[in-house]
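Biologist: Before I rely on the labels attached to this model, I would like to hear what each of them rests on.

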Amino acid sequence: MGRTLQNTMINLGLQNACDEAVYQLGLDMEELEEIEEDAGLGNGGLGRLAACFLDSMATLGLAAYGYGIRYEYGIFNQKIRDGWQVEEADDWLRHGNPWEKARPEYMLPVHFYGRVEHSAVGAKWVDTQVVLALPYDTPVPGYMNNTVNTMRLWSARAPNDFNLRDFNVGDYIQAVLDRNLAENISRVLYPNDNFFEGKELRLKQEYFVVAATLQDIIRRFKASKFGSTESVRTVFDSFPDQVAIQLNDTHPAMAIPELMRIFVDIEKLPWNKAWHITKQTFAYTNHTVLPEALERWPVDLVEKLLPRHLQIIYEINQRHLDHIASLFPNDVDRLRRMSLIEEGGTKRINMAHLCIVGSHAVNGVAKIHSEIVKTQVFKDFAALEPEKFQNKTNGITPRRWLLLCNPGLAELIAEKIGEDYVRDLSQLTKLHEFVDDDLFIREVAKVKQENKVKFALYLEKEYKVKINPSSMFDVHVKRIHEYKRQLMNCLHIITMYNCIRRDPAKLFVPRTVIIGGKAAPGYHMAKMIIKLINAVAHVVNNDPVVGSKLKVIFLENYRVSLAEKVIPATDLSEQISTAGTEASGTGNMKFMLNGALTIGTMDGANVEMAEEAGEENLFIFGMRVEDVAELDRKGYNAQEYYNRLPELKQVIDQIMSGFFCPEEPDLFKDVVNMLFHHDRFKVFADYEAYVKCQEKVSELYLNSKAWTKMVIRNIAAAGKFSSDRTIKEYARDIWHVEPSDLKIPPPNVPRDAAEEKTPNGTAA
């Protein structure tokens with residue numbers, strides 16, 4: 001979520017009043033804003049997407065709740081020591097959190113372990129361990145519409161009789177100390193992005209958020225006029241009309257068997273009716289096609305922790321496979337491929353398959369990704385129910401990612417096309433009229449230059465490196481992962497360095513290359529990549545021949561509040577994943593909206609950005625999805641590129657020889673070995689095209705006016721990538737609710753004065 005103060009002031013229309021009031025107290029608002037800690041309750045794009053969605057849902061007047069875990073420790077703080085990433089705990093609640101309100105009156109029990117008893121009345125889950133879920137509510141204000149939604153985060157608490165109702169009354173002290181075991185559930189965020197780690201505590205976290213949230217939803221449904229009771233028993237027929245639950249990846253997949261357990265075991269609904277209601281309630285968003293990221297939980301772990309849920313999953317699977325077998329008799333391989341249970345070695349539950357079978361809608365997050373989902377990853381399921389599969393291209397909130405972080409540009413745009421674009425970003429197309437307006441071109445360039453000077457000052461303060469603010473700011477910020485190919489960027493940096501050294505007199509367009517992002521603590525290769533970048537930076541930044549022509553900075557502890565500083569100052573946005581690996585990306589959209597040009601592959605939402613702006617207004621290079629498939633078919637041989645490309649050979653030889661690490665020459669042998677022998681993401685295959693494309697970038701940068709005109713064309717084409725548009729599509733196509741642009745009367749207006757015209761819609 002990042003910081004809340006400035007976003008709240010903007011959405012409430014109070015920023016100027018607050019700035020003035022604070023100034024009159026002799027304080028500086030910006031200094032005050034810097035004191036707030038980021039709420040870093042997610043890993044990367046998926047968590048930030050949820051935050052943008054909450055902003056858009058409130059702005060569109062949807063009755064929506066965001067549910068999650070109130071981690072005591074969020075994503076780790078990253079320190080760089082001697083070029084290596086070192087993790088520190090993110091104690092973000094140290095000074096308290098003024099934005100949250102604990103709601104102990106809504107505390108709910110969550111059960112673990114135990115066993116299942118079957119009888120004539122049905123199944124009972126007994127002898128469980130109980131953990132309490134304590135909700136904390138954070139307000140989510142819409143933009144200037146007097147709507148405030150809720151983000152409800154659950155914190156784990158041990159019941160007061162925890163470990164004391166047993167017969168170990170003897171050790172009272174130990175029993176109280178053992179309360180920590182229960183409360184550890186909400187202690188810390190698992191720091192993996194796009195990687196599955198099958199740990200018991202993680203599964204506990206996933207079920208904890210699901211069980212608490214479903215009880216909360218059902219409590220709210222029963223209290224509403226829709227949860228009509230006939231002879232004490234609630235009628236749930238209207239449940240899917242009143243409730244929509246969107247599964248943000250497979251992490252909350254246990255919600256499907258949990259809702260079935262509530263309906264069948266507790267509410268005593270017949271299975272078929274319960275299943276129909278469940279399917280109509282859930283929809284699933286897939287966020288990655290990387291096989292190592294797919295959640296596959298060992299059956300024996302689920303059996304120990306959630307024995308009843310395993311039985312329900314088996315029953316769902318049996319009925320699912322019976323259906324497949326009736327349609328495709330004797331096709332055992334299809335049954336194996338489509339089963340929720342993977343046999344062979346340790347039996348595992350494929351959570352994506354569970355989500356597809358248990359949802360009425362499945363979507364990818366960019367056109368190209370949704371195609372890959374349909375035709376490759378889940379093609380058997382798509383063949384069965386093609387109408388279930390949809391696309392919903394991701395978006396970003398223009399409130400945080402333009403108004404808040406780039407007020408200069410936001411104001412400049414408002415002068416030309418009015419202020420309405422903030423709620424309807426498609427209006428940015430009006431800027432096309434000004435693409436040849438010399439004054440506007442100069443003003444856009446001036447805003448960018450001011451942002452660069454401000455960020456250069458920040459960098460000089462934090463990193464003690466002198467930055468040339470007229471150099472091209474070439475920025476690559478995102479989680480560190482092999483598929484995102486920060487390594488390819490690094491090879492280009494070394495290539496530029498060699499070019500300067502070869503001919504110091506030759507014209508070279510000065511660059512400041514900024515790379516930032518966190519590596520999962522257990523991801524060895526990602527950590528080596530960070531070390532390599534820092535080693536290269538040390539050599540480049542201290543070479544007198546290079547001087548101010550090339551500077552390399554690794555941005556420490558990349559997070560939302562740092563993104564808000566670097567993105568408005570960026571000239572060139574690096575979006576260079578291997579085609580077919582980045583589901584969408586959202587950083588790409590933030591850079592586009594803030595006046596950077598994109599160098600990128602035809603991957604994720606880059607494809608649609610090129611479609612909107614015209615491919616000639618992005619720097620597109622490299623293999624397409626088809627080329628990658630073709631190269632896989634014939635076999636990728638890295639050595640071939642090394643032998644054929646002298647520049648590449650020189651770069652790799654330098655890394656191998658210890659040029660960037662003389663004190664430990666074979667430090668990077670793992671990295672080089674990977675590049676030659678098991679590079680799944682084919683860095684060498686795109687190297688030549690990347691370097692050539694970068695030369696075109698430098699050439700255009702020399703012509704400031706032509707560069708800025710291309711920037712304006714990009715901003716004018718960025719309207720599609722508002723999360724408001726994304727959420728309208730979810731609302732209409734999946735949740736079946738209508739967004740409302742009605743401004744609710746403010747609280748100081750009496751209720752009866754403003755007749756309530758709010759239509760009853762589904763709560764998402």
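Modeller: What follows takes the labels one by one and sets each value against its definition.

Modeller: This is a predicted model, in which local features need pLDDT of at least 70 and side-chain atom pairs count only at pLDDT 80 or more, whereas totals for chains, interfaces and linings use all residues. Residues are numbered from 1 along each chain as its sequence is written, and side-chain values use heavy atoms, with hydrogens and water left out.

Biologist: How do you know that C405 is in no disulfide?

Modeller: A disulfide is a pair of cysteine sulfur atoms within 2.5 Å, and a search of the whole structure finds zero of them. For C405 the nearest cysteine sulfur, that of C52, is 11 Å away.

Biologist: What makes C405 and C490 buried?

Modeller: Buried means under 20% relative accessible area, exposed means over 50%, and partly exposed lies in between, with a 1.4 Å probe and protein chains only. C405 has a relative accessible area of 10% and C490 one of 1%, so both values fall under the cut-off of 20%.

Biologist: Why is K590 called buried, and where does its annotation come from?

Modeller: The relative accessibility of K590 is 7%, and therefore K590 counts as buried. The feature "modified residue: N6-(pyridoxal phosphate)lysine" at K590 comes from UniProt, from an unreviewed entry; UniProt positions are given in the numbering used here, feature names are shortened, and annotations may be inferred rather than shown by experiment. K590 is found in helix 23, residues 587-593, where helices (H or I, at least four residues) and strands (E, at least two) are DSSP runs numbered from the N terminus. Leaving aside residues up to four places away in sequence, K590 touches R48, I396, W401 and I567, a contact being heavy atoms within 4.5 Å.

Biologist: What makes the pairing of R219 with D216 a salt bridge?

Modeller: A salt bridge is a side-chain nitrogen of Lys or Arg within 4 Å of a carboxyl oxygen of Asp or Glu, and the closest N and O atoms of R219 and D216 are 2.9 Å apart, so the pair meets the definition. Both residues lie in helix 7 (residues 200-223), three residues apart, about one turn of the helix. R219 is partly exposed at 31%, whereas D216 is buried at 0%. The two also belong to a network of salt bridges that links R103, E105, D137, R152, D216, R219 and R220.

Biologist: Which salt bridge pairs E87 with its partner, and how does its distance compare with the definition?

Modeller: The side chains of E87 and K527 meet at 2.7 Å, N to O, which means that the pair lies within the 4 Å of the definition. The whole structure holds 63 salt bridges.
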